[in-house]
Amino acid sequence: NEEYAMVFDLMCKYAVAFAGRIGFVLRRRGGGSDKRAPLADLQTTCAMTVDDVLRVIHGNDLASNVLFLERELSLVDMPLVENVPNLAMEHSGTLNTKNNAKLTLIHSTPYYRRKEPTICVFINDRLVEWGELTKTIKQVYNQIVLSGWHPWTFIHLHLPPNRLDANVSPTKHCVMLADNDVLVGFVKCELEASLRAAGKQKRICVPPNASCSITGSGITNIT
């Protein structure tokens with residue numbers, strides 16, 4: 001049903017975020033006369049790598065067409081968020097006490113095609129909604145990949161607790177960031193560079209008798 005689909009989608013996202021740290025199992029509750037435990041719709045272990053988890057959840061097609069990046073950005077000279085509560089107890093991972101933004105970026109290559117975009121953002125191990133960054137990522141892909149080809153992108157930022165306020169909404173799906181514009185620009189630059197580098201390393205196969213125009217910004221048209 002709809003509720004189960006939402007739970008499944010949520011657990012799949014957290015399974016990727018916590019790959020190598022926590023395993024996840026999701027199965028429907030059994031009923032009727034059959035007392036056997038139903039097969040799990042999702043099952044990962046803490047021994048699995050991110051690549052392993054992607055193959056379990058999304059299959060070999062996506063797992064074979066993603067790129068992994070890890071970067072850091074110094075926030076030493078940036079202003080802090082005022083009156084931010086101590087969020088150390090709310091953070092389930094290793095607390096980032098340095099003034100650095102640690103980025104893990106997993107994204108599909110310019111040659112992977114999806115019917116709909118998937119953009120998942122975590123901050124300090126928590127799934128959040130970040131409209132400005134989501135819009136920026138879509139714009140980056142629109143400038144580089146073919147029209148109608150949508151991205152699969154996973155972003156995980158680890159920030160010091162004094163750089164954000166997670167109490168701006170009851171659900172805590174939204175956060176306020178001291179370095180919002182800087183971080184959006186940081187992710188954008190890393191994504192653009194990675195996509196352009198991937199575009200130079202691989203050729204795309206086009207149908208017979210098709211013409212393909214390519215510029216420095218990537219593949220622009222196939223007719």
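A residue is called buried when its relative accessible area is under 20%, exposed when it is over 50%, and partly exposed in between. At 32% relative accessibility, Arg55 therefore counts as partly exposed. The model is predicted, and a search of the whole structure finds 6 salt bridges.

| Pair | N to O distance |
|---|---|
| Asp41 and Arg28 | 4.0 Å |
| Asp51 and Arg55 | 2.9 Å |
| Asp179 and Arg163 | 2.8 Å |

Arg55 is joined by a salt bridge to Asp51. Both residues belong to helix α2 (residues 50–63), where a spacing of 4 residues places them about one turn of the helix apart. Asp51, with a relative accessible area of 24%, is also partly exposed.

Asp179 is located between β9 (176–177) and α4 (180–201), and Arg163 between β7 (152–158) and β8 (164–165), so the pair ties together parts that are 16 residues apart in sequence. Both Asp179 and Arg163 are buried.

Asp41 and Arg28 form a further salt bridge, with their closest N and O atoms 4.0 Å apart. The two residues are 13 residues apart, and each lies in the loop between β1 (25–26) and β2 (42–43). Asp41 has a relative accessibility of 41% and so counts as partly exposed; Arg28, at 43%, likewise counts as partly exposed.

How values were computed
Residues numbered from 1 in each chain as written. Predicted model: local features only at pLDDT ≥ 70, side-chain atom pairs only at ≥ 80, totals over all residues. Heavy atoms only, no water. Salt bridge = Lys/Arg side-chain N within 4 Å of Asp/Glu carboxyl O. Buried < 20%, exposed > 50% of the residue type's maximum accessible area, 1.4 Å probe, protein only.
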